[in-house]
Amino acid sequence: MDCDDARLRWAAEDFGHLVHHLPRAVLRPSTFADVAEIVGFAGEDGLSVAARGAGHSSYGQAQCAGGIVIDMSGLNLVSEPHADRIVVQGGALWSAVLEAALAGGTTPAVLTDYLHTSVGGTLAAGGVGGTSHRYGFQVDTVEELRVVTGTGRLVTCSPQRNRELFDAIRAGLGQCGITVSATLRVVPAPALVRRYRLHYHDLATFLDDQRDLVLRGRFDFLQGQIVLEAPGSWRYLVEVAAYHTPLEVPDGAALPDGLHDDRAAREIDHLPYREFAHRMATGEAALRASGEWLHPHPWLTTFLPAQDAAALAGEVLASSALCQLGNSGLVLVYPLRADRLRAPLTRVPGSELVWLFGLLRTASPDDPAGVTVQIEANRVIRDRVLACGGTAYPINAVPMSPQDWRTHFGPRWEQLRAAKETFDPRGILTPGYGISAG
């Protein structure tokens, strides 16, 4: 049991740099049995427990005031891949999963943009990326899990075995168990990527072309982002990609007719798939060099119903009070097909297409009042999204009350509450979200 002050401060920090809850101890298990023993001990002693992977939370979700933080980084083994699946430990980073899969000619079906997050961490929230319009969230690609429940039991669960636990773990925010191992679906890996970067001058056209591209289903990867060029002036970018082998570029890899981007600004390049998957590395290096990687990050991600996406996004972009992004912030806006999102605890609007709308804010560490303003803006935007039938991705820098969580899970609340009573009857797991399932 590590009670060193430096380790405790480490566990009270995360990527958001907004919330700081000191635990009583930090433990680093080397086996699944170690995790089970820790959780069992905590339950008997009345202590809360939180599993920490890569620490990429934005608002203290993996912190544990006065309890035990389990550092999962030692449980990071990745097996040799099979043709259609790979088995990985919960503390493994997605970058390591990708490398192991590529060695066998495969790739995870869905990768997050930033690969230095942990498997257990993203599966607890959902896990979204540029191929989610095809494959759903990362939780939709899970075939089996090994989980330590809140009673200290090591349980294997899947669609055919212990289904209640399986459905409570995926996008269940760590409320019913700690993922120590996951079997993930993989798909054949491409060697190369043909990438198109399409530039737009207005929001409506930017959204219309993305909708058209997703409904046509021709591209493997699609994301849209908006960057502030000058006060009141936005730059709109759609990035689409077709995966292929060196000898065969797939039919349909060319852009369809009828798009309305700025043709003179259109960019086309070819790059290795591994390089494309690590496309965030350059930006991360720049932010680390400038120091902004360690600044507060009051991020917000929501899902907008199709019929209100343009109006809601436009309202936020037009409001300087709501859309303060900081020096390196940006806005993500892109569509997903709702029928690909099948995990029961995933919460998205009911329209055929749902729009991810995310504000990736960066704040100054020397301006706590400004940070407070951004967090309050997140709450205002979240409430407006909910009022229009949208939902929030549950990783945000927004204070959440127990009633807010009941609203978030909606008709699935009773399912989560019942699972919590079964698998974590003492209510010790993952207190950082502020969920009370009583």
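**View 1. Pairing of strands β9 and β11 in the predicted model.** Strand β9 (residues 192–200) and strand β11 (residues 233–244) run antiparallel and are joined by nine bridges; strands are DSSP runs of E of at least two residues, numbered from the N terminus. L198 has V238 of β11 as its bridge partner. This is a predicted model, in which local features need pLDDT of at least 70, side-chain atom pairs count only at pLDDT 80 or more, and totals for chains, interfaces and linings use all residues. Residues are numbered from 1 along each chain as its sequence is written, and side-chain values use heavy atoms, with hydrogens and water left out.

**View 2. The eight-stranded open sheet.** The strand order is β12-β9-β11-β10-β14-β15-β13-β16, with antiparallel pairing (two strands pair if DSSP finds at least two bridges between them). The edges are β12 (267–272) and β16 (391–392); each has a single partner strand, so one side of each lacks a neighbour in the sheet.

**View 3. The three-stranded open sheet.** Here the order is β1-β3-β2 and the pairing is parallel. β1 (25–27) and β2 (49–52) are the edge strands, each pairing on one side only. On average, neighbouring strands of this sheet are turned by 25° against each other, direction ignored (axes are lines fitted to C-alpha atoms, for helices over the stretch in contact, and angles run from 0 to 180 degrees between N-to-C directions).

**View 4. Strands β2 and β3 with helix α2.** β2 runs parallel to strand β3 (residues 68–71), and four bridges join them. V49 stands opposite I68 in β3. Helix α2 (residues 32–45) packs on the sheet and touches β1, β2 and β3 (contact means heavy atoms within 4.5 Å; helices are DSSP runs of H or I of at least four residues). The direction of α2 makes about 175° with that of β3.
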